[in-house]
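The structure is shown below.

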Amino acid sequence: MKTLVIVIHPNLESSSIVNKRWTEELRKYPEKFVVRNLYEIYPDGNINVAEEQKLVEAHNKIVFQFPIYWLSSPPLFKKWMDEVLSYGWAYGVSSSYKLEGKKIALALTTSADEPTYSEKGAFKYTLKEFTRPFEITFDWIKADYKPFFAFFGAPHTADEAILQKVEQSAREYVSFAESL
């Protein structure tokens with residue numbers, strides 16, 4: 001069964017070297033991955049909840065790929081979770097827990113380097129600590145939350161050395177998504 005990869009980046013084509021390259025790499029394997037860019041599908045922010053729920057139900061492995069925005073996710077992901085992970089469908093007393101047992105992981109990019117995400121760094125916490133709300137959310141709906149994949153120090157412009165690092169990360173990302 002294919003892995004559903006939900007890309008959440010408002011400017012994928014123009015401002016993200018890493019997310020754009022990751023998405024291109026995943027799309028080389030249509031037999032393995034279904035790749036959806038939420039900002040492309042819903043430019044007005046109006047999410048088709050029934051369609052999203054149907055897609056989630058049809059896949060056992062789901063990756064949410066996004067850049068860290070103000071130490072969290074882009075706003076469309078929060079809206080997607082608020083609307084798609086609805087009471088009675090994803091959780092609740094009479095819920096059928098539609099994501100129960102599904103493997104879910106995050107694929108993250110951040111312009112900050114890894115030491116910035118540490119007790120002694122500027123952000124004072126690790127990236128894992130910043131992603132705990134996602135972990136708790138997916139645990140709450142009984143999904144099988146997996147460790148994330150991350151690219152630290154994502155550049156806005158790139159020289160040859162950076163492009164090589166991005167290329168390597170794209171290959172590693174595909175392996176990560178395959179291994180869920």
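## Overall architecture

In this predicted model, the order of elements along the sequence is β-α-α-β-α-α-β-α-β-α-α-β-β-α, which amounts to 8 helices and 6 strands. The radius of gyration is 16 Å, close to the 16 Å that the globule rule gives for 180 residues, so the chain is as compact as a globular protein of that length.

The C-alpha trace spans about 50 × 40 × 35 Å along its principal axes, and buried residues account for 47% of the 180 residues. Of the contacts between residues at least 6 apart in sequence, 75% join residues at least 24 apart.

## Packing of α2 against α8

Helix α2 (residues 17-27) packs on helix α8 (residues 160-179) at an angle of about 45 degrees, the axes lying 9 Å apart; the two helices are therefore oblique to each other, and α2 passes α8 in a right-handed crossing.

On the α2 side the contact involves Ile 17, Val 18, Arg 21, Trp 22, Glu 25 and Leu 26, while α8 contributes Leu 163, Val 166, Glu 167, Ser 169, Ala 170, Tyr 173 and Val 174. These residues comprise 9 nonpolar, 1 polar and 3 charged.

## Packing of α4 against α5

Helix α4 (residues 49-57) and helix α5 (residues 75-84) have axes that come within 10 Å and cross at roughly 85 degrees, which makes α4 roughly perpendicular to α5. Here Val 49, Glu 52, Gln 53 and Val 56 of α4 meet Trp 80, Glu 83 and Val 84 of α5, a contact whose residues divide into 4 nonpolar, 1 polar and 2 charged.

Note on methods:
Residues are numbered from 1 along each chain as its sequence is written. This is a predicted model: local features need pLDDT of at least 70, side-chain atom pairs count only at pLDDT 80 or more; totals for chains, interfaces and linings use all residues. Side-chain values use heavy atoms; hydrogens and water are left out. Axes are lines fitted to C-alpha atoms, for helices over the stretch in contact, and angles run from 0 to 180 degrees between N-to-C directions. Helices (H or I, at least four residues) and strands (E, at least two) are DSSP runs, numbered from the N terminus. Angles under 35 degrees count as roughly parallel, over 145 as roughly antiparallel, 65 to 115 as roughly perpendicular and the rest as oblique. A crossing is left-handed if the near helix is turned anticlockwise from the far one by less than a right angle, and right-handed if clockwise. Contact means heavy atoms within 4.5 Å. Ala, Val, Leu, Ile, Met, Phe, Trp, Tyr, Cys and Pro count as nonpolar, Asp, Glu, Lys and Arg as charged, and the others, Gly among them, as polar. The radius of gyration is taken over C-alpha atoms; the globule rule is 2.2 Å times the number of residues to the power 0.38. Buried means under 20% relative accessible area, exposed over 50%, partly exposed in between (1.4 Å probe, protein chains only).
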